[in-house]
Amino acid sequence: MALLEISPRFESWRSRGAGRKRKLSLFEEVEEKKLLGTVNLVRNPYTKTPYSERYFEILEKRKTLPVWQQKDRFIDILTQNQIMIVIGDTGSGKTTQIPQFVVEAGYATDRKLVACTQPRRVAATSVSRRVADEMDVKIGAEVGYSIRFEDCCGPKTILKYLTDGMLLKEATSDPLLERYNVIILDEAHERTLATDVLFGLLQTTCTHLKESRPDLKLVVMSATLESEKFQGYFSGAPVMRVPGRLYPVDIFYTEFPEKNYFEAALRTVVQIHACEPPGDILLFLTGEEEIEDACMKIRNEIRNFGDHVGPVKVLPLYSSLPPSVQHKIFESAPPPEKEGGPPGRKIVVSTNIAETSLTIDGIVYVVDPGFSKQKLYNPRTRQESLLVCPISKAGAEQRAGRAGRTQPGKCFRIYTLESFRDHLPSQTLPEILRSNLASVVLTLKKVGIDDLVHFDFMDPPAPETLMRALELLNYLGAIDDDGNLTEMGMLMSEFPLDPQMSKMLVVSPKFNCSNEILSITAMLSVPNCFLRPKEARKAADEAKARFAHVDGDHLTLLNVYHAYKENGEDPSWCCENYLNIRALQSAVNVRSQLARIMNRHNLKMCSTQFTSPQYYPDIRKAIVTGYFMQVAHREQSGRYLTVKDNQMVHLHPSTCLDHKPQWVLYGELVLGSTECSSIRMVTDVKEEWLIDIASHYYDMSNFPQCEARRALVRAYQKREREIHKLAPEGKLESRISLAQGKGLRYIELGFAAKEADRRVQFSALLRIFTSYSEFLQATAFYLRASRSSMSPTASGIILPEAISRNNEMNSGHRQHQGSYYQMRYTRGYITEQRNEFGTVFILLSRVCAVSVLLLSVSVLLLSVCSWRWNVERVLFSAML
């Protein structure tokens, strides 16, 4: 019999009545294989090679999943509708199987892909590897994944798993997502920031722009979803429900509230291992530090039992773990230590990423303390914090659903039934309602969405949050005063970073330190590189002190990166110095990715000579360009006040600063247990840099009264004196250049001249500057210089084309003749105020001032004389 080459996609051809010879379906392939008794007779249509034995083993397991029975129904609904909603309980197999159903139905054709989004990186990588095994292909070939700073796809890729943030990033360059035929938004109930934005973009594409992409299909999948709300949002899209877990799960609550959920959860895990039948355990905790601490304590506690209990394999799971460590959770439990002894058990300690994104076979027992970490943003204080919060009822059901996959399971909730009923919210608050939206606004601007107020959000964010985001982007120069995206904003949107870090990278070549800023950005984009184990805290602190820089934490990270590279990326060196080798390896990878983006946009890679005294100051100035809004000033009391918000803060204990600078720049504001918050990732900055680099933000006209304002006023006055001292009677170009370099602004001055002479002077300035804002700033300074005796027409040659450009620029301003003008430059605008008879008024004012001064002196002299006469009279009387 000839070798068979069968593709599941042929099923769809048969159903469409193409008139071709009938092909075998996937089920018939398996039957044919059994009849022939060899796997070599069935070839993989993707690789053109015979299927492996493992493929058929996995296929038997796939056929037992609940979603497998819904395959034909799913394909029918997808064929008839452009948008559909799939609600499948935890463990139904929807994440791995439905994307394969779509590929088998023939939608991955014409070099267009099928995309399946995940809210977390660990889910995108692990699920894609699992699907690659099920399809019997190599990861990175027909099945790939794309996460932040890592793209594992190739020219053969037809099924792509990616984070929702990466798909949103692709939408900035391709708003219609022409690369994809079908987009699957998985875990939609988590309502991440990127997922909500994708809802709006894809809903608009599939409904309002249906003529542009009639072939695009959207599948929204979730385990616990508000189906009516989603149906209404997606214009009545059909809903398909899939049953979930295969076995029942018993749920147990505590009789009384626990004082310490962490200790109670650990006791529960140990008791399960000692008393319950075989089965793996899944414990949910809130963060990396808590998870690592729990793993160590569980190992120690179970070790004390000796041979009375079986061996355990305790495995952590959180997003910052490398893929090789994350995939250990799919390994089998350890065997008994001796024949006939108690069986081993696998214990997985995870964050909430194991709620829905991952399914771990063998889990029978779930321990749920009822907490998770959530990001919260306060737009009034610009404070973004990661806080431990109670989970929702939907999240609790998701956690319980992790058990019961292979046998009846149990879920132990470390809270009371009353707490579950009365205190837990029904659904988790969408991230878009509790996050800083600066990155989202920049992305929407790049896509072309200008009307943010009327953008079709499923849950519109607070107007104050949107205003804060627009304000930040405007100050950073990403959008202009009309809300339009600038060239700077276009460049910033190319980087998968926060706007502040993107701005810092883009402008770093101007400070000749782009290599160093690139390294600092990479270190800021990975988890904390410093380890501080409880048993060796003193040694870890001493090791950190060896890398500490006197000017702050950003330069300390730069020292760590340089030392890591100089030591050949040696893991043993990292261990000796208590450094996180995984974080440093990720930083190297992130830096290379960012360097490629910079090279693609012709951003110069440069560095100042290390021996130069400007090496570190230039780096700190470049950091100020991105984080000038996150500055605190030390008050006389010793506490710090954040600029403009006047929020009392103190330096975080983890900072490397051994002194208290007058001005500090911070990367993160941490909500403390006391009423005073702390600032982390701190660097010493100078007030002169703030007014030179960000004078548009440090505007004294709307700056609150405080010690910081008085210090800035003194800095402005000092800068003005420096300019006049350095170039008192110099050439026009040198004085303008000096003012431009120092960033002098807010100049009030008087200038009386004829209109023609003023136009001549403006035309000379136009020969030097090309942008309107630079022209206005230089004009204001030149008018100041015109107080000297030099002739107004001595500034340069009259250029007709320059005068024409000047007229175009000033078309919105009124033309005045003669008299006295006051010009003020503030945030790119010039307002002119006409004062009739201004010169006469000034002369009269000066005369009055002199008269008052003379009168005051006369009164003072008379007082002195009177006092002296009285003293002499008293003395004379005493002598008599």
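Visitor: What share of the contacts in the chain with a separation of 6 or more comes from residues 24 or more positions apart?
Guide: The model is predicted. Its chain has 31 helices and 26 strands. Take the contacts with a separation of 6 or more; the share from residues 24 or more positions apart is 73%.

Visitor: What percentage of the 880 residues counts as buried?
Guide: Buried means under 20% relative accessible area. Of the 880 residues in the chain, the part that passes is 52%.

Visitor: How many residues of helix α5 are buried?
Guide: Helix α5 spans residues 94-104. Its buried residues include Phe101, Val102 and Val103, and also Lys94 and Glu104.

Visitor: Which residue just after α5 takes a positive phi?
Guide: Look just past the end of α5. The phi there is about 95 degrees, and the residue is Gly106.

Visitor: Which helices do the buried residues of α18 pack against?
Guide: Helix α18, residues 499-507, is mostly covered, with 9 of its 9 residues buried. Among them are Met501, Met504, Leu505 and Lys503. These buried residues of α18 pack against α15, α16, α17, α19, α23 and α24.

Visitor: Are α21 and α23 roughly parallel or roughly perpendicular?
Guide: Helix α21 covers residues 553-566 and helix α23 covers residues 581-600. Their axes lie 11 Å apart, at an angle of about 95 degrees. Angles of 65 to 115 degrees fall in one class. The two helices are therefore roughly perpendicular.

Visitor: How do the residues of the contact of α21 with α23 divide?
Guide: From α21 come Val560, Tyr561, Tyr564 and Lys565. The α23 side includes Ile581, Leu584, Gln585 and Arg591. The division is 7 nonpolar, 1 polar and 2 charged.

Visitor: Is the pair of Tyr233 and Phe234 stacked or edge-to-face?
Guide: The structure holds 22 aromatic pairs. In this one the ring centres are 5.0 Å apart and the planes meet at 85 degrees. Planes over 60 degrees apart meet the cut-off, so the pair is edge-to-face.

Visitor: What is the relative accessible area of Phe234?
Guide: Tyr233 counts as buried at 10% relative accessibility. Phe234 is buried too, and its relative accessible area is 2%.

Visitor: How many residues apart in sequence are the parts that Phe252 and Phe412 tie together?
Guide: The rings of Phe252 and Phe412 are stacked, with centres 5.2 Å apart and planes at 15 degrees. Phe252 lies in strand β11 and Phe412 in strand β18. The pair therefore ties together parts with a sequence separation of 160 residues.

Visitor: Which class does Phe252 fall into by relative accessibility?
Guide: Phe412 is buried, at 16%. Phe252 has 37% relative accessibility. Buried needs under 20% and exposed needs over 50%, so Phe252 counts as partly exposed.

How values were computed: Residues are numbered from 1 along each chain as its sequence is written. This is a predicted model: local features need pLDDT of at least 70, side-chain atom pairs count only at pLDDT 80 or more; totals for chains, interfaces and linings use all residues. Side-chain values use heavy atoms; hydrogens and water are left out. Axes are lines fitted to C-alpha atoms, for helices over the stretch in contact, and angles run from 0 to 180 degrees between N-to-C directions. Helices (H or I, at least four residues) and strands (E, at least two) are DSSP runs, numbered from the N terminus. Angles under 35 degrees count as roughly parallel, over 145 as roughly antiparallel, 65 to 115 as roughly perpendicular and the rest as oblique. Contact means heavy atoms within 4.5 Å. Ala, Val, Leu, Ile, Met, Phe, Trp, Tyr, Cys and Pro count as nonpolar, Asp, Glu, Lys and Arg as charged, and the others, Gly among them, as polar. Rings of Phe, Tyr and Trp (its six-membered ring) pair if their centres lie within 6.5 Å; planes under 30 degrees apart count as stacked, over 60 as edge-to-face and the rest as tilted. Buried means under 20% relative accessible area, exposed over 50%, partly exposed in between (1.4 Å probe, protein chains only).
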